[in-house]
Amino acid sequence: MRKYANFDEPARARNLVLQGVRAVDPERNLDQVLDLHIRDGMLSVAPKEIPADADVLDLRGHIVTPGWFDLHVHLREPGGEVAETILSGCQAAMNGGFTGVACMPNTEPPLDDAGRVRWVMEKAAPLPVDLHVVAAATRGREGRQLVEMSELVELGVRAFSDDGKPIADTAVLRHALEYANMLGARIFEHADDPDLSVGGAMNEGEWSTRLGLPGIPAVSETLDVLRCILVARYAGAAVHICHVSTKESVEWIRWAKQQGIRVTAEVCPHHLLLTEERCREFDTDFKMNPPLRSEEDRQTCLKGLADGTLDAYCTDHAPHAWEAKAQEFDVAPFGVVGLETALGLAFTHLVGRHLDLKAMIERVVYAPRRILSQPLPAIATGEPANLTIIDPEGSWTVRPDEFRSKSRNTPFKGWELTGRARGIVNRGFAVIKEV
Amino acid sequence: MSLLTHKHLLGLADYSEADITTILDTAERMKEILERPVPKVPTLRGVTVVNLFMESSTRTRVSFELAEKRLSADTLNFAVSSSSLSKGETLLDTALNIEAMKIDVVVMRHKSPGSPHFLARHLDSIIINAGDGCHEHPTQALLDMMTLRQKFGALKGLRVCLVGDISHSRVALSNIIGLKTMGAQVTVCGPATLIPRGIERLGVQVTHSLDEAIQRCDALNVLRLQLERQEAGLFPSLREYHQYFGLTRRRLEKAPAPLTILHPGPMNRGVEITSDVADSEHSVILQQVTNGVAVRMAVLYLLAGAKMPSTEMKV
């Protein structure tokens, strides 16, 4: 059905049947091969009969889960439209199998007031992707004065972050945690000690020494993780740690959870699958912040994802224009794109090896929405259809030229993956690729 | 086609013992040319070399330029002050524009580690690294090794100590890599704040005592101390640095046998080295400078000489 393979003008899911899919919804204890009927965006599970006038897609062999949600993306608009726009970023999400994303506020200007946040929300409103805006925690992301959080929470914001950098002043961090907590919102911390990591371009260790590059020590992240944990405990507030990359961060977060401290955390595919020596050719597609770490860090992050210490699997999708990355390693910006490779990487390297499908769904469907206090999508009759369609056996090669994102800066170029996003259904739309 | 197993000299990290030996042997023959009444050969006639120096340098640039002229190459100096980099042009665009003028070799000095590797990916020209930030300075290490080989006959088993700011020294890293490849034993000596993490994984010994290092080495390569490291809080004062890590005659007298002293220059006399050491009979510092021209001639010849089918090195 060609009409559903349209990213630019997504087709309405008015009367559509996904035939013969394996529907997996752990919250409803559902794991069964059946048909899903979607009428005007609403689900009917295993309908007794298929309407004669329905569009029927034969999807035998495919898995359908509640829609995947990427808790950490950068959409660059306003200010960075050369690298990504809200539209291109959401199309990348659709192509990657995500029905929702949380976008970070480090745009130019930053998303630090209701006017700017509303502008972004309105741009995304007609799209098939749920866009949740993470607002800046402090005005101008300068780490001094809190943004008008109450007004933003009324708009629907549930998370505040100065992501790209930490809230370095501990008094400001404390007040941000307390104020956000009063409103039922959460601070997302980019954990880093800016004094320790100043000027750094990659993980500090043998490889930074071999390459002569300034190092970012693991302890600069761990130190801030511990600071957040202790201040959150003191403030009685919840805190979320972004893109965890070090062994000790994982260990302290595990400890904090055992103590009942309200800490959540996320981890990215590149920190689960790559290590620091990838920087050896000075290829800036391996430059991100936090940087690729050691094998020991990587293994601990994998365990953290598996045992739930790290709640969410997200991408830190950070698009950069080709010319920005085609620079000297220490000059080029940090960040890699991830929306269009995360699902394939998960199915190839994580699901069935480090965690089962049910746990993966917890990390990428439920946990992100719980952290943002959003309703959980369900595969149940009468619910709005919010679905990710996966071809678990589909083999493909990562070709950046085929991305819907405007940027190509992936460290997974050329990787052979098994498992790919086939499409999504959300907000009354269906975008399902032809094979 | 190069007479080495590499197209470029980006660093010594991938150079084998055989390649380094080829360069050092060739450099000895180049040194003979330099000692002739007319120290010039037509070997690189028709080859155009651009000296792309995006970080201030006097001696390395002069040494390369002289090497190029001795080999009859056409040379063009492109310095940062006269460049378009200050107008916001990227390094890549600058380099592509230079290459579009049909040149053969780029000798590059740049503050960013890996910038020669970056150029090598995007340009067809031969790239020679003349120092990339805190990463490598391969021709300096080659001239240091040439000087040591002249003094000791061989590098295998030689005990060399590098003294000073190892963290920020491209001279140190290239020396460590090159000397290890050639079978030497390498010790690094400096304050803990100037020894990079993981350096022992490169197969070197680490000490924070210069007196101890002096007891067990044959040659000391004393690195230049960048004075701004003090402002960055990496050591308390020049006075204290000199007292604990400065090479003095009194310290050297405790060595079991006279040590050979190298310094890549420019020296901070009275800080990392005193004049009575720098100017002593065991110092080979000026010999290093002479060898620098010969080594750079050798590298240019070996990488670019085979480019011209009709040319042969006439020694």
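Visitor: How many residues of domain 1 of chain B are in contact with domain 2 of chain B?
Guide: This is a predicted model. In it, 30 residues of domain 1 of chain B touch 30 residues of domain 2 of chain B.

Visitor: What's the area buried between the two domains?
Guide: About 2400 Å², with carbon and sulfur atoms giving 58% of that.

Visitor: Back up a bit. Where do the domains of chain B run?
Guide: Domain 1 covers 17–137 + 289–307, and domain 2 covers 138–288. Going by C-alpha atoms, their centres are 26 Å apart.

Visitor: How many salt bridges are there between them?
Guide: Two. As for a salt bridge in chain B, the side chains of B:E55 and B:R170 form one, at 3.2 Å from N to O.

Visitor: Which element gives the most to domain 1's side?
Guide: Helix 1 of chain B, with nine residues. Other elements giving two or more residues include helix 2 (59–70), strand 3 (105–110) and helix 12 (285–304) of chain B.

Visitor: How do the residues on that side divide into nonpolar, polar and charged?
Guide: On the side of domain 1 that touches domain 2 in chain B, ten are nonpolar, ten polar and ten charged.

Definitions and conventions: Residues numbered from 1 in each chain as written. Chains lettered and ligands numbered in written order. Predicted model: local features only at pLDDT ≥ 70, side-chain atom pairs only at ≥ 80, totals over all residues. Heavy atoms only, no water. Domains from an automatic or database assignment. Contact = heavy atoms within 4.5 Å. Buried area = accessible area lost by both parts, 1.4 Å probe. Salt bridge = Lys/Arg side-chain N within 4 Å of Asp/Glu carboxyl O. Helix = DSSP H or I, 4+ residues; strand = E, 2+ residues; numbered from the N terminus. Nonpolar A, V, L, I, M, F, W, Y, C, P; charged D, E, K, R; others polar.
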